Amino acid sequence: YPVSVAIDVIAKTATAGGLTPRPYRDINSAVNIKQAAPPGVIAVTKLLRYVNPSMDSRQLMRGVLTDMYIYGDAFTEVVYLKGAPLALYPLDPATITVLTDDHGDPTGFHQVTKRNKTADFSLSQVIHVRFDAPGNTIYGLSPIEKLILPVTTWIFGASLLRMTFMKGDPLKAHVDWPIALP
């Protein structure tokens, strides 16, 4: 529960200001205040205003951050209409497998849902965001996975200490003194 609360706070804080796409501008170029946004920025702005029928861009991004902190990866399906992105849908990271070629480069994505339905996606149909991981891997490493060993060690130590005190904290010593005692 404490980790879940921390992840929710991080996701809400990171998305509190919303998303405002702006065109990239070279700082050395002349500033034109009434400059119209390029078509790409306009398209992204429209996509972020309408993400899908059941959520807005802030909810989608909170889900992406939550998935990254829990699983180390976030997958978002991009639905196209006439070659242009129309909607974005979150995909459950626990159900996605990244398909790779012989060299380990991603070639697509395969999903098997909890109801045993399958779907295959091309690289252009899924946005895959991942945390950094040691080694050359296609999956990210979440902070939760990094905590598994220390937390397990702490739980084992606390349990061992509790069981020791439940027995009255008996002395755990062995003395081998063959000269004094037979």
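Trainee: Why are α3 and α4 called roughly parallel to each other?

Mentor: In this predicted model, the axes of α3 (residues 57-71) and α4 (residues 143-166) cross at roughly 30 degrees and come within 4 Å. Angles under 35 degrees count as roughly parallel, and therefore α3 and α4 are described in that way. The axes are lines fitted to C-alpha atoms over the stretch in contact, with angles from 0 to 180 degrees between N-to-C directions.

Trainee: Which residues meet in α3 and α4?

Mentor: M68, Y69, I70 and Y71 in α3 meet P143, I144 and E145 in α4, contact being heavy atoms within 4.5 Å. These residues divide into six nonpolar, no polar and one charged.

Trainee: What makes β3 and β5 edge strands?

Mentor: The open sheet runs in the order β3-β4-β5 with antiparallel pairing. β3 (96-100) and β5 (118-121) each have a single partner strand, so one side of each lacks a neighbour in the sheet.

Trainee: How do you know that β3 and β4 pair?

Mentor: Pairing requires that DSSP find at least two bridges between two strands; β3 and β4 (residues 106-112) have five bridges. I96 stands opposite Q111 in β4.

Trainee: What makes the set with F75 and L91 a nonpolar core?

Mentor: A nonpolar core joins buried Ala, Val, Leu, Ile, Met, Phe, Trp, Tyr and Cys residues through side-chain atoms within 4.5 Å, buried meaning under 20% relative accessible area with a 1.4 Å probe, protein chains only. F75, L91, I96, V98, F109, F121 and V126 form the largest such core.

Trainee: Which conventions apply?

Mentor: Local features need pLDDT of at least 70 and side-chain atom pairs 80 or more, whereas totals for chains, interfaces and linings use all residues. Residues are numbered from 1 along each chain as its sequence is written, and side-chain values use heavy atoms, without hydrogens and water.

Terms used:
Helices (H or I, at least four residues) and strands (E, at least two) are DSSP runs, numbered from the N terminus. Buried means under 20% relative accessible area, exposed over 50%, partly exposed in between (1.4 Å probe, protein chains only). Angles under 35 degrees count as roughly parallel, over 145 as roughly antiparallel, 65 to 115 as roughly perpendicular and the rest as oblique. Ala, Val, Leu, Ile, Met, Phe, Trp, Tyr, Cys and Pro count as nonpolar, Asp, Glu, Lys and Arg as charged, and the others, Gly among them, as polar.
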